[in-house]
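Hi,

Here is the structure I promised to pass on. Have a look at it first, and my notes follow below.

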Amino acid sequence: PDDAEAAPPLNALAEYVTAFYGVPTRVLPAVALEKIPGLTTRMHGGFRQLLIGDIYNFMKELLKSRDLARKTLAVVAVTMEDLYPGDDWNFVYGQAYALEAVGVFSFARFHPSFSPPSTPASASAVMLQRSCKVLTHEIGHLAGLRHCIHRRCLLNGVNHELEMQMQPLQLCPLCLKKLSGSFKWHLMTRSQQLLAFYTAHKGFEEAAQKEQSMQAYLATRQQKG
């Protein structure tokens, strides 16, 4: 649903991915679940869950469109339905299939009614911040990065709710360097675009402060250079 209290606004997510990765991001028309052939569902823990492999297969078929494939680095499906990868799993937040450039992710468990934040915040702010975090994390996997084990980083692995809340929105210097080379980022321009997003949306105050510090560092380095 396009309701900021129930789901993150897709246009805002696309705006953030564009700022973060420096590539144009487009929201495709929504697909009703009944349009996905052979979609398997189950009830688990009081929630309906969708089998992620069935959605993945549908997304692979989308990329067989020559026009879409020619213009696309990756395709990501997002849903407010809970996901599971197999009968022996309770749930999964999502999966990234790097070789096929396809990702499937659920934001259902990021809603404050499901997992309350550690600090008071509006439901819409919490949803958007958490969704931006998981989306850019998983796209990082589509870009070829594994979980980061070196410093606090957006690409750190997350095993439970507290770890997700502690995970920063920023990349560590090592992962930043890896992706900067791949996407040919101009770091000051990228930081300015991220700061503009953070200041325009509630719930990103800490991230805005970090980008301001990044810009001060980059400006000092330019002066020395």
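Before the notes, one definition: a crossing is left-handed if the near helix is turned anticlockwise from the far one by less than a right angle, and right-handed if clockwise. Helices here are DSSP runs of H or I with at least four residues, strands are runs of E with at least two, and both are numbered from the N terminus.

A word on where this comes from: it is a predicted model, in which local features need pLDDT of at least 70 and side-chain atom pairs count only at pLDDT 80 or more, while totals for chains, interfaces and linings use all residues. Residues are numbered from 1 along each chain as its sequence is written, and side-chain values use heavy atoms, with hydrogens and water left out.

Now the helix pair. Helix α1 (residues 10-21) packs against helix α7 (residues 187-200) at an angle of about 155 degrees, and their axes are 8 Å apart. (Axes are lines fitted to C-alpha atoms, for helices over the stretch in contact, and angles run from 0 to 180 degrees between N-to-C directions.) That makes α1 roughly antiparallel to α7, a label for angles over 145 degrees. Their crossing is left-handed. On the α1 side, A12, E15, Y16, A19 and F20 meet R190, Q193, L194, F197 and Y198 of α7, where contact means heavy atoms within 4.5 Å. Sorted by type, the residues of this contact are seven nonpolar, one polar and two charged (nonpolar: Ala, Val, Leu, Ile, Met, Phe, Trp, Tyr, Cys and Pro; charged: Asp, Glu, Lys and Arg; polar: the others, Gly among them).

Next, S131, which sits in helix α4 (residues 123-142). Buried or exposed? S131 counts as buried because its relative accessibility is 0%; the cut-offs are under 20% relative accessible area for buried and over 50% for exposed, with partly exposed in between (1.4 Å probe, protein chains only). Apart from neighbours within four places in sequence, S131 is in contact with P8, L13, F107 and F110. Its side chain also reaches the backbone oxygen of M127 at 2.7 Å.

A101 is not a glycine, yet has a positive phi of about 60 degrees; A101 lies in the loop between β5 (94-97) and β6 (102-106) and is buried, at 16% relative accessibility. K184 also has a positive phi, near 55 degrees. K184 is in the loop between α6 (173-183) and α7, and is exposed, with a relative accessible area of 72%.

Cheers

Conventions. A polar contact is a pair of N or O atoms within 3.5 Å; within protein, one must be able to donate a hydrogen and the other to accept it, and residues adjacent in sequence count only if both atoms are side-chain atoms. Angles under 35 degrees count as roughly parallel, over 145 as roughly antiparallel, 65 to 115 as roughly perpendicular and the rest as oblique.
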